[in-house]
Amino acid sequence: MAELVLPAIAPTSLFSDRLRRVIPPPEWAVFEDDVEAILALKRRRNAVVLAHNYQTPEIFHGVADIVGDSLLLAREATKVDAEVIVLAGVHFMAETAKLLNPDKTVLIPDLRAGCSLAESITAEDVRLMRARYPGVPVVAYVNTSVAVKAESDICSTSGNALAIVEKLGVDHVIMLPDEYLARNIAAQTKVRITAWKGHCEVHELFSAEDVRTLRDNHPGVTVLAHPECPPEVVAEADFAGSTAAMSDYVGVKRPARVVLLTECSMSDNVAVTYPDVEFVRPCNLCPHMKRITLKNIRHALETNTHEVTIDPAMAERARRSVERMLAL
């Protein structure tokens, strides 16, 4: 998996070089003041911005120091040489960054930036699953709360879930909370997988009929699907993988025309890097990711809000699950 780590660049050169294809100049003029302020605040506070692939281009390319999928952000969070981490993503990502950097200040610009998957399961649900399947290891998707991670044996992302399941060396695992991810992984392994019935509100909306319609309307299009999509969508796609894997696919294969069945901003961000590829853009919007804006990133750095705190005892247990994933 290629790792994409981009340093923040001065606004004017950044816009002319990378963003003109996805942000009109009048729109950039609205963003520029906040971008300049954020860059100055980062220098003054020794801060970095970690941005998920679903962030809008003015954040992803304009102020982020590290960008990528959940796995990359989890890895890079352990390496940053900064006193402050601003997580431009959703709350579970900020919690993960705090788990791995207990001595750093971790900020989430909007506390309402949640996740339908993380909200679909509780720590008590995990304990009930353990009681029902004694001795079966629990693999928790990173899209879960710290409390759920603390009750689990190991974490995974969509990018490494298959490897995690198979490296555990057992014949049965519990995978939670994403049912579709679990079913898509189950189709690739002999390990028996018991799933939880959580769904991503973005990816569950795609259907196999959507894929067939896309192919009819855009002849020759290459269809890439996220593994949180229903299995029938993955079956219709040319490739399924994490956001990082989809970006890598475009970079290596350079399809003439491609569609990414995932959150809307993903196509915009990848298109900046590969201007020779035509992107078809039917997509679904994540309302939680879109709660993060340049203005509230700026506000977070100006006011130190909202700082992520975790109970130390719970953090220790949850940290083990994340560190086991990173070790594998």
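I count a contact when heavy atoms lie within 4.5 Å. The model is predicted, so I took local features at pLDDT of at least 70 and side-chain atom pairs at pLDDT 80 or more, with all residues used for totals of chains, interfaces and linings. Numbering starts from 1 along each chain as its sequence is written, and side-chain values use heavy atoms, without hydrogens and water.

**Ser70 and helix α4**

I started with Ser70, which sits in helix α4. Helices here are DSSP runs of H or I with at least four residues, strands are runs of E with at least two, and both are numbered from the N terminus. Is Ser70 buried or exposed? Its relative accessibility is 15%, so Ser70 counts as buried (under 20% relative accessible area; exposed is over 50%, partly exposed in between; 1.4 Å probe, protein chains only). Setting aside neighbours within four places in sequence, I found Ser70 touching His52, Phe92, Met93, Val142 and Thr157.

Next I checked the whole of α4, residues 70–77. It is largely enclosed by the rest of the structure, because 7 of its 8 residues are buried. Among them are Leu71, Leu72, Leu73 and Glu76. What do the buried residues of α4 pack against? I noted β1 (47–52), β2 (66–68), β3 (84–88), α5 and α15.

**α5 against α15**

I then looked at α5 (residues 91–100) and α15 (residues 312–327). They pack at about 95 degrees, axes 9 Å apart. Axes are lines fitted to C-alpha atoms, for helices over the stretch in contact, and angles run from 0 to 180 degrees between N-to-C directions. That makes the pair roughly perpendicular (65 to 115 degrees; under 35 is roughly parallel, over 145 roughly antiparallel, the rest oblique). Thr96, Leu99 and Leu100 of α5 meet residues of α15 including Ala315, Arg319 and Val322.

**α2 against α14**

I compared axes for α2 (residues 25–45) and α14 (residues 294–303): about 30 degrees, 9 Å apart. They are therefore roughly parallel to each other. Phe31, Ile38 and Leu41 are among the α2 residues in the contact, and Ile297 and Leu301 among those of α14.

**Core**

Beyond neighbours within four places in sequence, Ile297 contacts Ile38, Val49, Ile59, Val63, Val86, Ala88, Pro109 and Ile292. Ile297 is also one of the residues touching the most other members in the largest nonpolar core, which has 90 residues. Such a core is a set of buried Ala, Val, Leu, Ile, Met, Phe, Trp, Tyr and Cys residues joined through side-chain atoms within 4.5 Å. A second, separate core has 13 residues, including Val211 and Val280.
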